[in-house]
Amino acid sequence: MATSVATLVNASTDANQAQAKSDWKNLRSNWEQSEGFLLGPVEAKDYDPNTDTWPTDYVQMDSLLNSNNPLTTDDVKDLPQSLRGYHPLEYMIWGKGGSKTAAQITDRQKKYMTSLISDIQINNVQALYNDWFLGTDNYSNQVLTAGKGSSEFSTRQILFLNIVSAMSDICNEVGTSKMFEPFTAKDSTITESPYSNNTLIDFKNNILGLQQVYMGLNGGTGIRNLVAAKNLQLDQQIQTKINAALISFDQITERYEQAIFDQRIQVQNTMDQLAALDLLLENDLPDFIKQYVKD
């Protein structure tokens, strides 16, 4: 992403802009799927809101661009969260309405874009990685030593309940916040990624991330392995509800900003599927953990 933005900044061609758009969407896919595991430093240290606050305030953003702010990485780091991260960058690349051309990107916007990417990489993504993997007290070590000396998780049950809670939180957030609020208000300006028309993809990626936590990433061990060993019926119920929610997204064939007006039945169905899944994640799965994870 940094390379494609740098190329776009140095040579504002339509091809470079197209590459920056593609790289932005790939970056979003990875980040949104990771939100199925939203616990630890990413939440405690505000890495997620520092990079993923929405909706953007393009009036405030335009005011910033017209100001004397140098827009260095350090300047961007100190901006309100609504002016940092993926979505201001999205606005710079696509523009309001998504019709911005490469030739319309100003030098001032290029400076802002460069610093936005640098802020994401240095102050958030790299910092998050460091918190997880560097130093003797890193978060991965806290997870691995749960119930065996971890200062974060005195028991393994607490760790598992935190993981399950994160799964429930993202399921609930997608259904009752990200989808419900613009749907109820019939307001396309408060969707998550309106400039790139990526909103619905963001939603689905959140639930794909949840699925990866439950099933295990890339064929690895997930929460499912524990559940299936003791309660095959509950495992099948959870898998069925996850799959039903994911399939329901595909029934919304318009971009979400339009679907909240034209495909309200399909949108409501997806929210209903997410609510049904969340009931299992919020009640049945924690009860299972409490019953079978005693240490």
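Trainee: Where do aspartate 107 and lysine 110 lie?
Mentor: Both are in helix 8, residues 107–133. They sit three residues apart, about one turn of the helix. Helices here are DSSP runs of H or I, at least four residues, numbered from the N terminus. This is a predicted model, where local features need pLDDT of at least 70 and side-chain atom pairs need 80 or more, while totals for chains, interfaces and linings use all residues. Residues are numbered from 1 along each chain as its sequence is written, and side-chain values use heavy atoms, without hydrogens or water.

Trainee: How do the side chains of aspartate 107 and lysine 110 meet?
Mentor: In a salt bridge, 3.8 Å from N to O. The term means a side-chain nitrogen of Lys or Arg within 4 Å of a carboxyl oxygen of Asp or Glu.

Trainee: Is aspartate 107 buried or exposed?
Mentor: Exposed, at 63% relative accessibility. Lysine 110 is buried, at 13%. Buried is under 20% relative accessible area, exposed is over 50%, and partly exposed is in between (1.4 Å probe, protein chains only).

Trainee: How many salt bridges does the structure hold?
Mentor: 15. One of them joins aspartate 52 to arginine 28, with the closest N and O atoms 2.8 Å apart. That pair links distant parts of the chain: aspartate 52 is in helix 4 (residues 47–52), arginine 28 in helix 2, 24 residues apart.

Trainee: And which salt bridge links glutamate 192?
Mentor: Glutamate 192 bridges to arginine 28 at 3.2 Å, N to O. Glutamate 192 lies in the loop between helix 10 and helix 11 (199–215), 164 residues from arginine 28. Both residues are buried.

Trainee: Switching topic. How many aromatic pairs?
Mentor: The count is 11. Rings of Phe, Tyr and Trp (its six-membered ring) pair if their centres lie within 6.5 Å; planes under 30 degrees apart are stacked, over 60 edge-to-face, the rest tilted.

Trainee: Is tryptophan 24 buried or exposed?
Mentor: Buried, at 0% relative accessible area. Tryptophan 94 is buried too, at 6%.

Trainee: What about the rings of tyrosine 58 and tyrosine 91?
Mentor: Stacked, because their planes are at 20 degrees; the centres are 5.9 Å apart. Tyrosine 58 is in helix 5 (residues 58–65) and tyrosine 91 in helix 7, 33 residues apart.

Trainee: Which residues form one aromatic cluster?
Mentor: Phe37, Tyr129, Trp132, Phe133, Tyr139 and Phe153.

Key. Helices (H or I, at least four residues) and strands (E, at least two) are DSSP runs, numbered from the N terminus.
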